[in-house]
Amino acid sequence: MGHFKYVYLGGGQGGGYAAAEFVKQGLKPGELGIVTADHYVSYERPTLSKGYLKAEGAPRLPGFHACVGGGGEKQTPDWYKEKGIEYLTGTKVESVDIKNKTLKVASGGEDITYDKLIIATGATNITLDSFGAKNAHLKGIHYLRNVEDADALVAYMKEAKKVSKKAVMVGGGYIGLEVTANLVQNGFEVSMVFPEDRLMAKMFNEEMAKFYEKYYENKGVTLIKGDTVIGFEGDGKVQTVELKSGKKLEASLVVVGVGAKPNTELFKGQLDLLEDKPGGVKVNSQLQTSNPDVYAVGDIAAFPLTLYGGKVTRQEHVVNARLSAAHAVKAIFGSKETYDYLPYFYSREFDLAWQFYGEPSEDYVLHGDLDGGKFGVYWIQDGKITGAYSESASDEQNAALKQVALKRPDAPSKDELQSMGYDFALKVAHQPQQLELEHDEHDNNGDVRTIFGWPAPSVYRTSAIALATFIAAGFYFRSQRRHSAS
């Protein structure tokens with residue numbers, strides 16, 4: 001411990017990606033300290049609700065340490081040692097003094113000081129006792145946030161089966177879908193309880209939700225919509241789940257996934273925080289907080305979506321964790337690129353696989369074979385396509401949908417869009433990107449940035465436009481030749 005030039009507070013998913021970027025930027029041994037209460041170096045969190053809970057062939061550490069999920073090197077503890085990075089696992093920080101650049105370590109540990117700080121303290125599961133649920137700490141009630149949680153759930157599944165194969169999943173969102181699929185595949189009869197009127201209500205429209213609800217019901221899952229859990233019964237171990245409607249559900253195992261809240265307590269009164277939604281630590285388009293020597297990344301960062309007019313958001317997703325961690329490091333080393341994040345979610349349940357890019361809206365067009373489980377959705381706002389979704393699409397189709405969300409093209413008529421389906425996305429993907437110049441909200445010199453992320457002083461705007469147009473045209477004609485050849 002002691003002093004580090006750079007400190008990354010909160011290991012988590014992004015710690016490994018930040019470390020990899022520091023190394024790319026020429027980090028010297030002893031300059032970086034990663035401080036986390038976790039007992040493992042950075043690993044790929046999505047594995048916990050996906051493969052980790054499988055009945056057979058489940059992955060285990062060190063198999064999914066960062067950065068394997070992003071196509072990079074597997075960074076085991078030895079990797080950090082070889083790079084001269086001090087990874088302080090099992091180190092709980094009880095307070096942070098931003099003014100004096102000091103982290104106070106719990107249990108009498110030595111204080112840690114820094115020159116530059118990246119905070120990645122993540123989010124904490126919202127627990128049912130915060131809603132007043134009775135006996136919410138009975139054995140057999142589980143949450144999923146880290147490897148320890150996953151190990152505890154895997155072990156208790158075996159114990160629970162000895163009593164009953166009845167399980168309850170509280171929550172009908174992202175985690176609810178994935179964990180329920182795994183519980184079913186482990187032999188449980190699952191009831192899903194959620195207050196919304198449909199699964200994944202924040203993303204799925206009614207048509208989409210009906211498909212997934214029918215699919216899950218065909219797998220034996222009972223869906224209880226519009227209801228909430230008010231308590232549990234059991235003699236030390238959960239046996240019954242009590243619902244607000246008066247229903248009682250038998251359960252030897254309960255898993256809860258009702259959201260998370262950003263861990264901002266350490267920074268109150270020191271950094272700009274958002275008390276209302278989306279919450280978190282407010283940062284600019286380079287992920288810099290109200291203190292110029294402090295950056296925030298991952299779940300905790302409330303950043304402007306530059307691709308969507310600067311709307312401030314938090315994104316609790318692995319891709320944001322990876323990209324924001326690397327981006328903050330680049331910014332520390334002088335990069336002026338803005339964090340142009342495209343919202344993205346993906347999931348795999350049973351033999352389903354969906355991907356989503358952009359932002360949903362009330363107006364949409366569904367295309368493809370909904371009953372057959374191969375379909376897509378385009379979301380439309382102000383005449384533009386702002387979001388795109390696929391179920392069981394090809395890699396080429398998914399890549400094209402990403403381009404649609406990035407380019408936000410004008411929407412054709414709904415009939416045409418429905419008829420074209422993925423062909424519309426493929427057509428858009430092969431069109432050259434138009435040049436867009438935007439003022440950087442934190443640039444006082446009147447500079448602008450292009451779609452390529454290069455800063456260009458206003459005196460060079462004309463030449464920049466000409467260069468970008470020339471490059472775009474080159475890409476377009478090359479793609480046309482390849483398309484014709486195939």
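These are my notebook entries on a few places I looked up in this structure, which is a predicted model.

**Entry 1: two packed helices**

I began with a pair of helices, since two packed helices are described by the angle between their axes and the distance between the axes. For helix H1 (residues 14-24) and helix H6 (residues 318-332) I noted an angle of about 35°, and their axes lie 8 Å apart. The crossing of these two helices, H1 and H6, is right-handed. I then listed who makes the contact: H1 contributes Gly14, Tyr17, Ala18, Glu21 and Phe22, while H6 contributes Ala321, Arg322, Ala325, Ala326, Val329 and Lys330.

**Entry 2: a histidine in a loop**

Next I turned to His65, which sits in the loop between strand E2 (32-35) and helix H2 (77-82). Is His65 buried or exposed? Its relative accessibility is 4%, and because buried means under 20%, His65 counts as buried. I looked up what its side chain reaches, and found the backbone oxygen of Val41 at 3.5 Å and the backbone oxygen of Ser42 at 3.1 Å from a polar atom of the side chain. Setting aside neighbours within four places in sequence, I wrote down the residues in contact with His65 as Val41, Ser42, Tyr43, Glu44, Lys74, Gln75, Thr76 and Pro77.

The loop between E2 and H2 also holds Pro62, and the peptide bond that joins Leu61 and Pro62 is cis, with omega about 10°.

Strands of a sheet pair through backbone hydrogen bonds, either parallel or antiparallel. The open sheet I followed has three strands in the order E12-E13-E14, with antiparallel pairing. Strand E12 (229-233) and strand E14 (248-250) stand at the edges with a single partner strand each, so one side of each has no neighbour in the sheet. Ignoring direction, neighbouring strands here are turned by 25° against each other on average.

I traced the pairing of E12 with strand E13 (residues 240-243), where four bridges join the two; among them, Val229 is partnered by Leu243 of E13, and Gly231 by Glu242 of E13. These two strands, E12 and E13, form a hairpin with six residues between them, and Gly234 in the turn has a positive phi of about 160°.

Which residues cover the two faces of E13? Thr240 and Glu242 lie on one side, Val241 and Leu243 on the other, and all of them are buried.

**Entry 3: backbone exceptions**

Most residues other than glycine have a negative phi, and most peptide bonds are trans. With that in mind I noted a cis peptide bond joining Lys277 and Pro278, again with omega about 10°; Pro278 is in the loop between strand E16 (260-262) and strand E17 (281-282).

Lys101 is not a glycine, yet its phi is positive at about 55°. I placed Lys101 in the loop between strand E4 (93-97) and strand E5 (102-105), and at 25% relative accessibility Lys101 counts as partly exposed. Phe350, also not a glycine, has a positive phi of about 55°, and Phe350 is in the loop between strand E21 (344-349) and strand E22 (352-358).

Conventions. Residues numbered from 1 in each chain as written. Predicted model: local features only at pLDDT ≥ 70, side-chain atom pairs only at ≥ 80, totals over all residues. Heavy atoms only, no water. Axes fitted to C-alpha atoms, helices over the stretch in contact; angles between N-to-C directions. Left-handed = near helix turned anticlockwise from the far one by under 90°. Contact = heavy atoms within 4.5 Å. Buried < 20%, exposed > 50% of the residue type's maximum accessible area, 1.4 Å probe, protein only. Polar contact = N/O pair within 3.5 Å; in protein donor to acceptor, adjacent residues only side chain to side chain. Pairing = 2+ DSSP bridges.
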